[in-house]
Amino acid sequence: MSKAMPLFAMQPILRRIVRHVATLHPELFERLEDSCRKHFLIDAKGMPFLLLLRPDPDNLMLVAKSRHEEIPYDVLVSGKFKTLLRMIDSKTDSDALFFNRDIMVTGDTEAIVALRNALDDMDATLADDVATAFGPLRGPVRASIDAATKIVGSRT
């Protein structure tokens with residue numbers, strides 16, 4: 001069994017992604033209003049880490065955190081990795097996922113609704129934006145996202 005990438009090695013990648021998306025979509029922060037200062041903990045089941053997002057343009061943050069760490073948050077979004085991946089790729093409806101209990105949301109519901117509405121208003125998919133954060137490697141990164149979607153999709 002291979003070892004997972006150390007969390008510290010992921011931080012520059014995550015920082016690049018969140019800054020790139022923020023540069024492409026500054027309107028997200030306007031839609032979020034006060035919710036941009038909230039901490040969104042993302043628990044993709046099956047991944048060896050959690051993600052903590054603070055979409056505050058003055059203090060932007062996306063970091064990987066240990067599952068063993070006590071992490072304060074305002075909103076917790078959890079679901080299977082496959083489900084969350086398909087959601088950021090705009091292949092599924094987040095409302096349907098919530099009502100079918102494919103994703104669970106706890107905490108500040110106003111903040112999660114604001115984030116969902118802001119993401120729904122985007123012209124591109126978040127997965128496309130993540131891929132473009134890697135410049136000339138965007139093609140292979142996008143292909144990796146597509147492959148991951150297929151691989152985890154075939155496991156259900």
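Me: How many helices and how many strands are there in the protein chain?

Reply: There are seven helices and five strands in the chain. Starting at the N terminus, the order is α-α-β-β-β-β-α-α-β-α-α-α. This is a predicted model, in which local features need pLDDT of at least 70 and side-chain atom pairs count only at pLDDT 80 or more, while totals for chains, interfaces and linings use all residues. Residues are numbered from 1 along each chain as its sequence is written, and side-chain values use heavy atoms, with hydrogens and water left out.

Me: In what order do the strands form the sheet?

Reply: Here is the general idea to start from. Strands of a sheet pair through backbone hydrogen bonds, either parallel or antiparallel. Two strands count as paired if DSSP finds at least two bridges between them. In this model, five strands make an open sheet with mixed pairing, in the order β3-β2-β1-β4-β5. The edge strands are β3 (61-66) and β5 (103-107), each pairing on one side only. From one strand to the next, the twist averages 20°; axes are lines fitted to C-alpha atoms, for helices over the stretch in contact, and angles run from 0 to 180 degrees between N-to-C directions.

Me: Which pairs of residues stand opposite each other, say for R54 and G79?

Reply: Let's go pair by pair. Strand β2 (residues 49-54) runs antiparallel to β3 over six bridges, and R54 faces M61 in β3. β1 and β4 pair in the parallel sense, also over six bridges, with L76 in β4 as the bridge partner of L41. β4 and β5 are antiparallel and joined by five bridges; there G79 stands opposite I103 in β5.

Me: Why is β4 described as largely enclosed?

Reply: Five of the six residues of β4 are buried, so the rest of the structure largely encloses this strand. Buried means under 20% relative accessible area, exposed means over 50%, and partly exposed lies in between (1.4 Å probe, protein chains only). S78 is in β4, and its relative accessibility of 11% makes it count as buried. Leaving aside residues up to four places away in sequence, S78 touches D43, K45, D102, I103 and M104, where contact means heavy atoms within 4.5 Å. For the chain as a whole, 38% of the 156 residues count as buried.

Me: Which residues of α5 are buried?

Reply: The rule comes first. An α-helix has 3.6 residues a turn, so residues three or four places apart point the same way. In α5, the buried residues are A111, I112, A114, L115 and A118. They cover an arc of only 160° around the axis, which puts them on the same side of α5; the arc is that of the directions from the helix axis to the C-beta atoms. These buried residues pack against α2 (27-32), β1 (40-45), β2, β4 (75-80) and β5. The face turned away from the buried side carries the exposed T109 and E110.

Me: What span should the 12 residues of α5 have?

Reply: The expected span is 1.5 Å times one less than the number of residues. For α5 (residues 109-120) that should be 16 Å, and the end C-alpha atoms are 16 Å apart, which agrees. At the start of α5, a side-chain oxygen of D108 comes within 3.1 Å of the backbone nitrogen of E110.

Me: Where does helix α1 lie?

Reply: Helix α1 (residues 7-24) lies across β2 and β3, and runs at about 155° to β3. Its 18 residues should span 26 Å, and its end C-alpha atoms are 26 Å apart, which agrees. The buried residues of α1 are M10, Q11, L14, I17, V18, V21 and A22, and what covers them includes α2, β2, β3 and α6 (126-132). P12 is also in α1, but is partly exposed, with a relative accessible area of 43%. P12 and L62 are 50 residues apart in sequence and 9.6 Å apart in space, C-alpha to C-alpha.

Me: Is E33 buried or exposed?

Reply: E33 counts as exposed, at 58% relative accessibility. This residue is found in the loop between α2 and β1.

Note on methods. Helices (H or I, at least four residues) and strands (E, at least two) are DSSP runs, numbered from the N terminus. A polar contact is a pair of N or O atoms within 3.5 Å; within protein, one must be able to donate a hydrogen and the other to accept it, and residues adjacent in sequence count only if both atoms are side-chain atoms.
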